[in-house]
Amino acid sequence: MTFKTILAVTSPDRGTGDLKLAAALCEEIGAHLAVLAVALAAPPPIGEYAAVMSDAWLQERQADMDRLQKCAASATAFLATSAVSSDISSEYQEETWADEAIGRRARYADLVFLGPELFSNPLLKGKVLEGALFSSGKPLFLVPEGAKASLRPKRVMIAWDSRLEASNAVSRAMVLLSAADDVHVVLVDPVEGDGGQGAEPGADIATYLARHGVKVTVDRLTSQGRGVADALRQHAVDMAAELLVMGAYGHSRLRERIFGGVTRSMVETPPLPVFLAR
């Protein structure tokens with residue numbers, strides 16, 4: 001798939017750093033930038049003091065909405081100076097439903113961008129992750145502080161374990177993989193056999209990628225007592241990867257989004273830009 005629309009989320013307590021990165025990515029590949037300004041509403045007062053607190057709560061909500069309006073105006077002013085095509089919308093949402101609101105907006109984008117400024121807001125970051133992965137089905141592009149962000153990476157690492165989520169991530173990232181100079185499929189403690197990853201772990205995915213013109217190498221690693229996430233991090237550093245492509249493992253239980261251990265570790269402290277899909 002090609003990326004024609006990238007969604008970036010901002011909030012009243014953030015600057016324009018993430019928007020600048022997102023605009024640069026859009027300019028790099030000729031994409032449209034959709035911006036969603038989000039503020040999380042304070043929950044309504046309950047219990048015996050609800051009547052007393054209601055006026056203060058309403059004032060707080062109005063102040064939140066005023067800040068959101070200023071945030072949207074600031075983003076609009078920034079976008080007016082950018083050469084990329086863009087649009088902006090805003091959402092004032094209860095915390096419980098914010099992920100679904102973000103997910104609904106993400107359905108009209110090809111890729112959701114999550115930048116360094118949003119990483120410093122754990123609550124909203126979590127809502128963006130959950131909304132994109134569980135409510136839109138669209139991939140995420142995570143860029144941590146200090147990382148070089150590019151949608152034309154030259155050296156890419158794929159975290160591969162033959163599961164559906166990893167397969168979906170590879171398919172979604174194919175336009176990036178086929179344009180890269182060097183792609184490494186990395187397996188940690190692979191299991192041979194029909195119930196594992198085949199007679200020669202990594203061979204099937206390498207053949208599939210090669211048919212798409214991907215310049216692919218298979219790396220089989222032993223964890224040596226480390227966790228899988230730590231093994232992947234170290235290998236990414238060793239091979240000077242510019243992007244990690246991986247599946248996002250998790251499920252939704254009632255209103256709780258539960259991520260697998262490797263996914264959780266990578267989204268909390270990514271060592272490099274991460275392309276994530278499920």
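Let me start with a term: contact here means heavy atoms within 4.5 Å. Helices are DSSP runs of H or I with at least four residues, strands are runs of E with at least two, and both are numbered from the N terminus.

Hi everyone, and a quick word on the model. It is predicted, so local features need pLDDT of at least 70, side-chain atom pairs count only at pLDDT 80 or more, and totals for chains, interfaces and linings use all residues. Residues are numbered from 1 along each chain as its sequence is written, and side-chain values use heavy atoms, with hydrogens and water left out.

Let's look at helix α9, residues 228-238. Buried means under 20% relative accessible area, with a 1.4 Å probe and protein chains only. By that cut-off, Ala229, Ala231, Leu232, Arg233, His235 and Ala236 of α9 are buried. What covers them? The cover includes strands β6 (155-159), β7 (182-188) and β8 (216-221), plus helix α10 (261-268). Just after α9, Ala240 has a positive phi of about 55°.

Now the cores. A nonpolar core is a set of buried Ala, Val, Leu, Ile, Met, Phe, Trp, Tyr and Cys residues joined through side-chain atoms within 4.5 Å. The largest one has 42 residues, and Leu33, Ile158, Leu177, Leu209 and Val245 have the most contacts inside it. Helix α1 (residues 17-29) gives the largest share of this core, five residues. A second, separate core has 40 residues, including Leu36, Met157, Val186 and Ala241. Going back to Val245, and leaving aside residues up to four places away in sequence, its contacts include Ile158, Leu177 and Phe275.

How many disulfides are there? A disulfide is a pair of cysteine sulfur atoms within 2.5 Å, and the structure holds zero. Why does Cys26 form none? Because its closest cysteine sulfur, in Cys71, is 17 Å away, too far for a bond. Cys26 is buried at 1% relative accessible area, and Cys71 is buried at 11%.

Finally, the largest pocket. On a 1 Å grid over the protein atoms alone, a pocket is an open set of points where a 1.4 Å probe fits, with protein on both sides within 12 Å along at least five of seven lines, and lining residues have an atom within 4 Å of a point. The largest pocket holds about 290 Å³ of space. It is lined by 16 residues, and Trp160, Asp161, Val228, Tyr249 and Val262 are the closest to its centre. Helix α10 gives the most to this lining, with three residues.

Thanks, and I'm happy to take questions!

Notes:
Buried means under 20% relative accessible area, exposed over 50%, partly exposed in between (1.4 Å probe, protein chains only). Grid points are joined across faces, edges and corners, and a volume is the space filled by probe spheres set on the points.
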